[in-house]
Amino acid sequence: SLHDALPIYNHQKNRETMMRRLAISALLVALSIAAHAQAVPFVAIRTSAKELSLGGAHASGDEMFSGSGSAFQAGVDRVWWQTGIAGYKLTGIQAKVNLTDGFALGLEMTSNSMAEMTLYSDSGQPLGTFQPGEMMLGMDACIKPVKNIALGVALKMIRSSLTDSNQARAFAVDLLGSWQISSALTAGLAINNLGQDVDYGYGGYKLPTTCKAGVHGLFPMAGKHAVEAAADLGAMPAYSTLLASVGTGYVYDKTFALRCGGHISSKNDIMPTYYCVGALFLSENFDLSGSYITAARTFAISLRLKL
């Protein structure tokens, strides 16, 4: 409720301060993220259609730091997230350079644009018209101390602008580790969005920090056919939320794949439970993937270039 979303405040504050706090709390409610004082939930959404098509399973290896040995990779993602509810429009851009066989650097950017909205208080008084916008900028590094182990770190700056006067910045880090057990099987650990609270000036809102362990397998069948499977198990500790992702797919000649998967959350107001289907077209120089997610009509498309 709106009352539950309001931070505890000093009742001696003047009316203007109280109304500004009411505006930000109402806006958080409208964005469906305020029930547990959660901010910038967009950073917990995987923008890669390739990963989303497996239910978001990614702990066994970040896409930009696994797979292709190309000297340079670049990618762009577009996600229309919960078009019937939140209406997020996410755009992700990534670039990676392999400097040596065991060391790579990367840059990433994710922006979240939302529709303009007019908010009203419980008494029906207009609080204003707002068009929130958010952005994450990051720098990544990956090193392979031995051939079958990869370690990665990403430093991220997050900016959230709900109104002209309600803006916040935060810094976070991602930590990744993967182990290629065999040519068919990879396991990994991932901690995402570990960092400081997001403060709009009225107290902190928790980042959606996630901790996950996962496995991915690609199992050759007869001829050019193969079957893949992936699974993650994790949690959002700050919100006492358990998460699980599972997906499977059919791969033909490593050039085409059909996938399906699901993501299960113990608290749908923190992260929704959804199911998904997707298709991948893979080549030596580019990958094209698309996904449909049953989280209030969510669509995603991704393109990767490899040089």
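**Close-ups of a predicted model**

**View 1. Lys 306 is a buried lysine, its relative accessible area being 10%.** Buried here means under 20% relative accessible area, exposed means over 50%, and partly exposed is whatever falls in between (1.4 Å probe, protein chains only). Lys 306 sits in strand 18, which spans residues 298–306; helices (H or I, at least four residues) and strands (E, at least two) are DSSP runs numbered from the N terminus. Look for two partners of its side chain: a polar atom there is 2.9 Å from the backbone oxygen of Ser 283, and there's a polar contact of 3.0 Å with the side chain of Asp 287. A polar contact is an N or O pair within 3.5 Å; within protein, one atom must be able to donate a hydrogen and the other to accept it, and residues adjacent in sequence count only if both atoms are side-chain atoms.

**A note on the model and its confidence.** This is a predicted model, with residues numbered from 1 along each chain as its sequence is written. Local features need a pLDDT of at least 70 and side-chain atom pairs count only at 80 or more, while totals for chains, interfaces and linings use all residues; side-chain values use heavy atoms, with hydrogens and water left out. The chain's pLDDT (the predictor's confidence in each residue, from 0 to 100) averages 81, and 80% of the residues score at least 70. Residues 1–19 are below 50, with 23 contacts in the model beyond near neighbours in sequence.

**View 2. Ser 111 sits in strand 3 (residues 103–113).** Ser 111 is buried too, at a relative accessible area of 19%. Leaving aside residues up to four places away in sequence, Ser 111 touches Lys 89, Leu 90, Thr 91, Glu 134 and Met 135, where contact means heavy atoms within 4.5 Å. The C-alpha atoms of Ser 111 and Leu 90 are 5.6 Å apart, though 21 residues separate the two along the chain.

**View 3. Strand 3 pairs with strand 2 and with strand 6.** Leu 90 has Asn 112 of strand 3 as its bridge partner. Strand 6 (residues 133–146) is also antiparallel to strand 3, again through 11 bridges, and Met 109 bridges to Leu 137 there.

**View 4. The largest nonpolar core has 26 residues, and Val 40 and Ile 158 have the most contacts inside it.** A core is a set of buried Ala, Val, Leu, Ile, Met, Phe, Trp, Tyr and Cys residues joined through side-chain atoms within 4.5 Å. Elements giving two or more residues include helix 3 (49–52), strand 1 (72–81) and strand 16 (274–282). Strand 8 gives the most, with 3 residues. Another core, apart from this one, has 6 residues, among them Ala 44 and Met 236.

**View 5. Trp 81 and Tyr 274 make an edge-to-face pair, 6.0 Å centre to centre with 90° between the planes.** Rings of Phe, Tyr and Trp (its six-membered ring) pair if their centres lie within 6.5 Å; planes under 30 degrees apart are stacked, over 60 edge-to-face, the rest tilted. Trp 81 in strand 1 and Tyr 274 in strand 16 are 193 residues apart. Trp 81 is buried at 4% relative accessibility, and Tyr 274 is buried at 4%.

Notes. Pairing = 2+ DSSP bridges.
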